[in-house]
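This report describes selected backbone features, helix packing and ligand surroundings of one model.

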Amino acid sequence: MSKVPRLGILGSGSGSNCQSIYDAIQAGTLNAEIVVVLSDIPDAFILERARSWGVPAEVIDCGGFKTKFPDESQAAVAARLKEYDVDLVCLAGFMRLVKAPLLNEFPNRIINIHPSLLPNFPGLHAWEQAVNAGATESGCTVHYVDAGMDTGPILGQARVPVLPNDTAASLHARIQVEEHKLYPAMITKVLESL
Ligand code: GRF
């Protein structure tokens, strides 16, 4: 890609992964620009981070649904991302399932980070699932998004041990350290393929 690639980031929470992407860009290790951050949660900290960087931060209207991502909302997000001329969509702690109306507008251009070694422990609270299952190893996965729940083709993974005294929180913290390195690196990998 000859121009600087344009990233659109979707998140629902604190946005520490979004921060790691921003930091990698600032450090010059990731050649890209975050052009918009979108969240379904109006007071999510990820939006505050974006504003503090001078990046447009917008709320996704999900029509009052708590977990559903209505087709109309997905179409509206796709249209907004197109307006921002986004090359790659990065889900970073985005808690709604993306389906056809958005996927079809960005084929092979939506990626996600998940806090487990997929295909193990898809879905919510993957770190807690790993602790409860007595796993001795976990980690994180960056993958392309398809219509399933954390099922798309895997781009890369990082591993961490699960220690005997781990709680869900302590394991998640260890996984997040790796997420913050893996996600910017995998974005670079995808961008090189475009
Ligand atoms: C991360 O653990 C990510 O893997 C999962 O949700 C969490 C988001 O954390 N999908 P943050 O908002 O990036 O801090």
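## Backbone features in loops

Asp-85 is located in the loop between helix 3 (71-83) and strand 4 (88-91); helices (H or I, at least four residues) and strands (E, at least two) are DSSP runs, numbered from the N terminus. Although Asp-85 is not a glycine, its phi is positive, at about 55 degrees. Most residues other than glycine have a negative phi, and most peptide bonds are trans.

A cis peptide bond, with omega of about 15 degrees, joins Leu-118 and Pro-119. Pro-119 lies in the loop between strand 5 (110-114) and helix 5 (126-132).

## Basis of the description

The model is predicted: local features need pLDDT of at least 70, side-chain atom pairs count only at pLDDT 80 or more, and totals for chains, interfaces and linings use all residues. Residues are numbered from 1 along each chain as its sequence is written, and side-chain values use heavy atoms, with hydrogens and water left out.

## Packing of helix 1

The axes of helix 1 (residues 16-27) and helix 6 (residues 168-193) come within 9 Å and cross at roughly 50 degrees; axes are lines fitted to C-alpha atoms, for helices over the stretch in contact, and angles run from 0 to 180 degrees between N-to-C directions. Helix 1 is therefore oblique to helix 6 (angles under 35 degrees count as roughly parallel, over 145 as roughly antiparallel, 65 to 115 as roughly perpendicular and the rest as oblique). The contact (heavy atoms within 4.5 Å) involves Ser-16, Asn-17, Ser-20, Ile-21 and Ala-24 of helix 1 and Gln-176, Glu-179, His-180, Tyr-183, Pro-184 and Ile-187 of helix 6.

For helix 1 and helix 2 (residues 45-53), the axes come within 9 Å and cross at roughly 25 degrees. Helix 1 is therefore roughly parallel to helix 2. Ser-16, Cys-18, Gln-19 and Tyr-22 of helix 1 meet Ile-46, Arg-49 and Trp-53 of helix 2 in this contact.

## Ligand surroundings

The ligand is surrounded by Gly-13, Ser-14, Gly-15, Ser-16, Asn-17, Gly-93, Ile-113, His-114, Pro-115, His-172, Gln-176 and Glu-179 (a residue is near a molecule if one of its heavy atoms lies within 4 Å of it). Ser-16, Asn-17, Gln-176 and Glu-179 are among these residues and also take part in the contact of helix 1 with helix 6.

Polar side-chain atoms lie 2.9 Å from a ligand oxygen atom for His-172, 3.2 Å for Ser-14 and 3.3 Å for Gln-176. A polar contact is a pair of N or O atoms within 3.5 Å.

Terms used. Polar contact = N/O pair within 3.5 Å; in protein donor to acceptor, adjacent residues only side chain to side chain.
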